[in-house]
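Okay, thanks for coming, everyone. Let me put the structure up, and then I'll walk you through a few spots in it.

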Amino acid sequence: MGIKVVPRHGQSLKDKLYLPAIAGGMKTTFTHFFKNLKDTSNLRTMSYPEVQPDDLTERYRGVHRLTKWSDGSEKCVACYMCATACPAQCIFIDAEERFDGVAEKKPKQFKIDLLECVYCGYCVEACPCDAIRMDTGIFSFTGSKREDFVVDKQYLMANERSKDLNDG
């Protein structure tokens with residue numbers, strides 16, 4: 001059985017200095033830069049946030065919302081399934097007893113930290129009551145401090161399904 005010798009690349013001084021690779025990368029960058037500087041008609045830019053993107057896919061999830069029954073009461077029964085399924089652990093629920101006969105419990109507090117959320121949709125899949133959804137289509141969510149991104153039950157229940165999704 002023979003031994004196969006594999007030649008190693010990058011052993012020369014030229015390869016070890018990385019200067020030719022850096023020069024090649026800079027050449028490519030400046031070529032694109034000057035080409036775009038001469039002809040700006042082919043640039044694909046938009047003045048965000050004044051112009052919102054209109055080419056979002058129909059599978060785009062958006063910000064969460066809590067659904068309601070036809071009488072306006074919340075569907076959530078505080079089973080903690082969404083919080084358990086969440087890989088980012090960004091859903092916080094505090095349960096209380098429910099006296100309207102719909103279920104045994106309801107969330108006294110239901111908060112989602114949107115800065116920690118990875119928008120994976122596991123909470124939607126885990127919910128046995130279809131109480132939480134991610135079909136609002138809200139593209140951008142802005143705030144000036146971290147507390148603005150911790151949304152509570154009132155905000156989540158006020159979110160409505162996107163008009164584009166209602167039509168389809």
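Predicted model: local features only at pLDDT ≥ 70, side-chain atom pairs only at ≥ 80, totals over all residues.

Residues are numbered from 1 along each chain as its sequence is written, and side-chain values use heavy atoms, with hydrogens and water left out.

Let's start with the backbone. Gln 89 sits in the loop between helix 3 (81-85) and strand 2 (91-97). Its phi is near 55°, a positive value in a residue other than glycine. Gln 89 is partly exposed at 48% relative accessible area; buried would be under 20%, exposed over 50%, and partly exposed is in between, with a 1.4 Å probe and protein chains only. Tyr 119 also has a positive phi, about 55°, without being a glycine. You'll find Tyr 119 in the loop between strand 3 (105-113) and helix 4 (122-126).

Now the inside. General point: in soluble globular proteins, nonpolar side chains tend to be buried together. A nonpolar core here is a set of buried Ala, Val, Leu, Ile, Met, Phe, Trp, Tyr and Cys residues joined through side-chain atoms within 4.5 Å. The largest one has 23 residues, and those with the most contacts inside it are Ile 91, Ile 93, Phe 110, Ile 112 and Ile 132. Helix 3, strand 2, strand 3 and helix 5 (153-158) each put in at least two residues. Take Ile 112: leaving aside neighbours within four places in sequence, its contacts (heavy atoms within 4.5 Å) include His 64, Phe 149 and Leu 156.

Cys 117 is buried, at 13% relative accessibility.

Last stop, the aromatics. Phe 141 and Tyr 155 make an edge-to-face pair, 5.6 Å centre to centre with 70° between the planes. The rule is that rings of Phe, Tyr and Trp (its six-membered ring) pair if their centres lie within 6.5 Å; planes under 30 degrees apart are stacked, over 60 edge-to-face, the rest tilted. Phe 141 is in the loop between strand 4 (132-133) and strand 5 (150-151), and Tyr 155 is in helix 5.

Note on methods. Helix = DSSP H or I, 4+ residues; strand = E, 2+ residues; numbered from the N terminus.
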